[in-house]
Amino acid sequence: MATRAVFFDVDFTLIHPGPAFQGHGYAEVCARHGVTVDASQFDAAVAAASSTLHNDGGTYDPEIFVDYTTRIIEGMGGHGPGAEAAARDLYEAWASCHHFTLYEEVPDVLRALHAEGYTIGLISNTQRSLATFERHFELDGLFSVAISSSDHGYMKPHPSIFEEGLRRAKVEPHEAVMVGDSVAHDIEGALRLGMRGILVVRSGLSGGAPPDVPVIRSLREVRGHL
């Protein structure tokens, strides 16, 4: 099947968070709200809170992410009214690109795909401005489609956000591939619509990918699956 369009998730697919969204960063924000947390418990707290984000693609609601962040803070030992206030600050800060770094191979891969004539799109469950994302990381002109769930109204894996991407890219589902790090949001959502999927698992673990879905550790592998 000929691929005409390649859609990418953003967070943990193209970019990763810096120190502000690690244990000590959480601890600093919490301290401003009078909440004491144990930074060493951050990874375990994230794992325990992850089920909060396992939604079926309903309407975009900031409270989902605030609740998720609050649970991380509580998992680090933080309690009281200041925990939710700290979570709201962290949610707002997530939209700021300067807290994030591109994975090193991303610019080269995107420019190579663009040069080869693929339509490239972004589909992200975020409140971040994707136009700002493009400018900040000097990726201007590479994306023909950019859809954030906060603007669209629905979150992945809701079919409408993928349908909107296909409509804007002017391609049929079988002509499009979705590349992302979430099986539930990126891969299964795309497969249900008739698109193909490529799962990014930088840890090297399979991540529970469905059969026939390629699992890659670097975006440099994407072109080999188109």
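Predicted model: local features only at pLDDT ≥ 70, side-chain atom pairs only at ≥ 80, totals over all residues.
Local features were required to have pLDDT of at least 70 and side-chain atom pairs pLDDT 80 or more, whereas totals for chains, interfaces and linings use all residues. Residues are numbered from 1 along each chain as its sequence is written, and side-chain values use heavy atoms, with hydrogens and water left out.

Helices (H or I, at least four residues) and strands (E, at least two) are DSSP runs, numbered from the N terminus. Helix α1 spans residues 23-32. Within α1, G23, G25, Y26, V29 and C30 are buried. Buried means under 20% relative accessible area, exposed means over 50%, and partly exposed lies in between (1.4 Å probe, protein chains only). Seen down the axis of α1, the buried residues fall within an arc of 160°, so they line one face of the helix. The arc is that of the directions from the helix axis to the C-beta atoms. An α-helix has 3.6 residues a turn, so residues three or four places apart point the same way. The face turned away from the buried side of α1 carries the exposed residues H24, E28, A31 and R32. The cover over the buried residues of α1 includes α2 (42-49), α3 (62-75) and α4 (81-93). Contact here means heavy atoms within 4.5 Å. Just after α1, G34 takes a positive phi of about 75°.

Aromatic rings were examined next. Rings of Phe, Tyr and Trp (its six-membered ring) pair if their centres lie within 6.5 Å; planes under 30 degrees apart count as stacked, over 60 as edge-to-face and the rest as tilted. By this rule the count comes to 9 aromatic pairs. In one of them, the ring centres of F12 and W94 are 6.3 Å apart and the planes meet at 40°, so the pair is tilted. This pair links distant parts of the chain, 82 residues apart. F12 sits in the loop between β1 (5-8) and β2 (15-17). W94 sits in the loop between α4 and β3 (100-102). F12 is partly exposed, at 36% relative accessibility. F12, F21, W94 and F100 form one aromatic cluster.

Charged side chains were then considered. Side chains of opposite charge can pair when their charged atoms come close. A salt bridge is a side-chain nitrogen of Lys or Arg within 4 Å of a carboxyl oxygen of Asp or Glu. The count is 12 salt bridges. One of them joins R220 and E104, with the closest N and O atoms 3.3 Å apart. The pair links distant parts of the chain, 116 residues apart. R220 lies in the segment after β8 (215-216), and E104 lies in the loop between β3 and α5 (106-115). R220 is partly exposed, with a relative accessible area of 44%. E104 is exposed, at 59%.

A salt bridge also joins D186 and K156, where the closest N and O atoms are 2.6 Å apart. D186 belongs to helix α9 (residues 183-192), while K156 lies in the loop between α7 (149-152) and α8 (159-169), 30 residues apart. D186 is buried, at 1% relative accessibility. K156 is buried too, at 2%.

Within helix α8, E164 and R168 lie 4 residues apart, about one turn of the helix. E164 and R168 form a salt bridge, with the closest N and O atoms at 2.9 Å. E164 is buried, with a relative accessible area of 17%. R168 is partly exposed, at 40%. Salt bridges that share partners join D9, K156 and D186 into one network.

R196 is placed in strand β7 (residues 196-200). R196 is buried yet has no salt bridge. The nearest side chain of opposite charge, E175, is 8.6 Å away. Lys and Arg count as positive and Asp and Glu as negative; His and the chain ends are not counted. A polar contact of 2.8 Å joins the side chains of R196 and T3. A polar contact is a pair of N or O atoms within 3.5 Å; within protein, one must be able to donate a hydrogen and the other to accept it, and residues adjacent in sequence count only if both atoms are side-chain atoms.

T3 is found in the segment before β1. T3 is buried, with a relative accessible area of 11%. The side chain of T3 also reaches the backbone oxygen of L226 at 3.0 Å. Leaving out residues up to four places away in sequence, T3 touches Y118, E175, V177, R196 and L226.
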